[in-house]
Amino acid sequence: MWKCHTTAKQQPVPDEDTLVFWEGCRRGRLLIQQCETCQSFRFPASPLCPECLGVRSTWRDDPGVGEVLTFCVYYSELAGQAWKAELPYVVAVIRLQYSGVKIVSRLVCNDVAVAQIGLEVQVVFEAVSGHLTLPQFVPQSVGDRGTTQCKTVRS
Ligand SMILES: [Zn+2]
């Protein structure tokens with residue numbers, strides 16, 4: 001079976017196109033790029049609109065509410081040894097209600113059995129270093145009841 005042999009967790013590297021998105025996350029805001037020509041939202045950020053090739057865009061605040069389109073539960077450290085302490089964990093494709101974009105992210109829950117297609121989720125932010133904060137998602141119903149089934153996430 002293929003396994004990753006990196007020792008540290010792989011983290012995104014902000015670049016010229018995504019810097020605004022990552023800075024938004026650091027401030028607890030989910031900023032999604034919207035084309036000024038055709039109004040379509042796009043993620044990840046890019047210099048050209050994939051719909052109309054327009055170059056002008058605006059960053060919009062997305063409330064971060066969405067639903068799980070599909071997900072995968074990791075029971076072994078396929079992504080590397082650094083993930084072993086997190087097992088089992090859920091990686092999901094989330095469709096955001098406001099902008100409609102799809103984001104691949106963590107679904108943070110102590111009980112992976114809560115993961116299901118159609119689950120309503122809410123964004124939370126976790127600072128993983130002094131300069132990088134990741135958007136992650138928690139089940140909305142769990143969030144409403146407190147953190148009994150949900151790991152504490154730094155915001
Ligand atoms: Zn466009």
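Q: pLDDT is the predictor's confidence in each residue, from 0 to 100. What does the chain average here?
A: The chain averages 89, and 88% of the residues score at least 70. This is a predicted model, in which local features need pLDDT of at least 70 and side-chain atom pairs count only at pLDDT 80 or more, while totals for chains, interfaces and linings use all residues. As for numbering, residues run from 1 along each chain as its sequence is written.

Q: Where does pLDDT stay under 50?
A: Over residues 144-155. The model has 23 contacts beyond four places in sequence for that stretch. Two residues are in contact if their C-beta atoms, placed from the backbone, lie within 7 Å.

Q: Okay, the overall layout next. How many helices and strands are there?
A: The chain has two helices and eight strands. Both kinds are DSSP runs numbered from the N terminus: helices are H or I with at least four residues, strands are E with at least two. Along the sequence the pattern reads α-β-β-β-β-β-β-β-β-α.

Q: And what share of the contacts comes from residues 24 or more positions apart?
A: They make up 55% of the contacts with a separation of 6 or more.

Q: How are the strands arranged in the open sheet?
A: Three strands form an open sheet, ordered β2-β1-β3, with antiparallel pairing. The edges are β2 and β3, each pairing on one side only. Strands pair if DSSP finds at least two bridges between them. Between β1 and β2 there are two bridges, and Gln 34 has Phe 41 in β2 as its bridge partner.

Q: What holds paired strands together in general?
A: Strands of a sheet pair through backbone hydrogen bonds, either parallel or antiparallel.

Q: What about β7, how does it pair with β8?
A: β7 and β8 are antiparallel, with seven bridges, and they form a hairpin with five residues between them. β7 also pairs with β4, again in the antiparallel sense, over three bridges. There, Glu 67 stands opposite Glu 120 in β7.

Q: Which residue in β8 is the bridge partner of Val 121?
A: Pro 139. Leaving out residues up to four places away in sequence, Val 121 touches Gly 66, Glu 67, Val 68, Ile 94, Leu 107, Phe 137, Val 138, Pro 139 and Gln 140.

Q: Switching to the inside: what percentage of the residues count as buried?
A: It's 23% of the 155 residues. A residue is buried if 20 or more other C-beta atoms lie within 10 Å of its own, exposed if 12 or fewer, and partly exposed in between, with C-beta atoms placed from the backbone.

Q: Which members of the largest nonpolar core touch the most others?
A: Val 68, Ala 92, Ile 94, Leu 107, Ala 115, Val 121 and Phe 137, out of 22 residues. α1 (19-26), β1, β5, β6 (102-107), β7 (120-127) and β8 (133-139) each give two or more residues to this core. By a nonpolar core I mean a set of buried Ala, Val, Leu, Ile, Met, Phe, Trp, Tyr and Cys residues joined through C-beta atoms within 7 Å. In soluble globular proteins, nonpolar side chains tend to be buried together.

Q: What is phi at Gln 39?
A: It is near 70°, a positive value in a residue other than glycine. Gln 39 is in the loop between β1 (30-35) and β2. Leu 53 has a positive phi too, near 65°, and lies in the loop between β2 and β3.

Q: Why does Leu 53 count as exposed?
A: Because Leu 53 has 10 C-beta neighbours inside 10 Å. Gln 39 is exposed too, with 12 other C-beta atoms within 10 Å.

Q: Last one: is Val 55 buried or exposed?
A: Exposed, because Val 55 has 11 C-beta neighbours inside 10 Å. Val 55 is in the loop between β2 and β3 and, beyond four places in sequence, contacts Pro 47 and Leu 48. Its C-alpha atom is 8.3 Å from that of Thr 37, 18 residues away along the chain.
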